[in-house]
Amino acid sequence: MSAAPFPVFPSQLPVQRLQWQDEQPLQSCDDLLACEVPVALVYNGLAHVVMMASPQQLEEFARGFTLAEGIARSLADIYDIELREATSGIEVHVELASACFTALKERRRQLAGRTGCGLCGVEQLAEVFRPLDSLPDTVRLGLPALNLALQALPVQQLLSQATGCTHAAAWLSLDGHLLQVCEDVGRHVALDKLIGCRASCGWTGGAALVTSRASYEMVQKAAAVGIEILVAVSAPTALAVQMAEQYGLTLLGFARPGRVNVYTHPQRLLRTSS
């Protein structure tokens, strides 16, 4: 007997709202809201983390998160991914290579028993600055190609167009074509989804484009999987710039068609397309 199909969770839901405008009576209007559900990542039966996410491209999210966080060394360490409906959300079960799972359990054991919340204490602060190899210098992106991608991105953000509530992470080729656009209510999850798609498709030369600010976590995720150029439509944080400089990543911010701020390693950006 074949397994029952995994239920499809909607990415958006219709609602009724009231709209108020100056000198006009309240009006009832139809609206669409983006959905977010708890998504638990479970490795070899061990629950690891729960993220709030848009319920789409969850296999890509699991691959991207697992690679970007250093839980797996490569796609070959990820044997299988299965989605399961849970009481209040979705469980994503990842079958991981035994060596990677052992390392994950050791990492969790070292974190057990610490007090406080967030990143507290010397040991936790050390975890922020993950030791990563410096990136190679193999990619060159022309400004005309970047402009082309920036112009094309809004029309491919379908969930954002419907709800006005989601971030996007896109992979652009060196000729400016958008090969994949991933959307999510969380900017980090959108990037994880893109990293998973990129790994599955084997894309190398190109750049990641995000419709949010560039935080240090996003720089770290990009560097961890070998992305040499990260473009954000908003500002980077100071720590993001510091980490991008350290990792050898080209970080661009405030990207708009015709202009962009270059914060680190400008040699990868060309005035003309290569």
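**Figure 1. Helix H1 and its buried residues.** In helix H1 (residues 58–68), the buried residues are Leu58, Phe61, Ala62, Gly64, Phe65, Thr66, Leu67 and Ala68. Buried means under 20% relative accessible area, exposed means over 50%, and partly exposed lies in between (1.4 Å probe, protein chains only). Helices (H or I, at least four residues) and strands (E, at least two) are DSSP runs, numbered from the N terminus. This is a predicted model: local features need pLDDT of at least 70, side-chain atom pairs count only at pLDDT 80 or more, and totals for chains, interfaces and linings use all residues. Residues are numbered from 1 along each chain as its sequence is written, and side-chain values use heavy atoms, with hydrogens and water left out. Eight of the 11 residues of H1 are buried, so this helix is largely enclosed by the rest of the structure. Its cover includes strands E3 (37–43), E4 (46–53), E5 (78–85) and E6 (90–96). Contact here means heavy atoms within 4.5 Å. Just after H1, Gly70 takes a positive phi of about 75 degrees.

**Figure 2. Helix H7, largely enclosed.** Seven of the nine residues of H7 are buried, so the rest of the structure largely encloses this helix. The buried residues are Tyr216, Met218, Val219, Gln220, Lys221, Ala222 and Ala223. Just after H7 comes Gly226, with a positive phi of about 85 degrees.

**Figure 3. Strand E11, covered on both faces.** In a regular strand the side chains alternate between the two faces of the sheet. In E11 (residues 229–232), Ile229 and Val231 are buried on one side. Leu230 and Ala232 are buried on the other. Strand E10 (residues 207–210) runs parallel to E11, and three bridges join the two. Two strands pair if DSSP finds at least two bridges between them. Ala208 has Leu230 of E11 as its bridge partner.

Figure 4. Most residues other than glycine have a negative phi. Phe254 is not a glycine, yet its phi is positive, about 50 degrees. Phe254 sits in strand E12 (residues 250–256). Its relative accessible area is 32%, so Phe254 is partly exposed. His265 also has a positive phi, near 45 degrees. His265 lies in the loop between strand E13 (259–262) and strand E14 (269–270). His265 counts as buried because its relative accessibility is 18%.

**Figure 5. Leu158, an exposed residue.** Leu158 belongs to helix H5 (residues 158–163). With a relative accessible area of 58%, Leu158 is exposed. Ser98 is 60 residues from Leu158 in sequence. In space, the two are 39 Å apart, C-alpha to C-alpha.

**Figure 6. The setting of these views.** The protein has eight helices and 14 strands. Of its 274 residues, 43% count as buried. Its C-alpha atoms fill a box of roughly 60 × 50 × 45 Å, taken along the principal axes. Among contacts between residues at least 6 apart in sequence, 53% join residues at least 24 apart.
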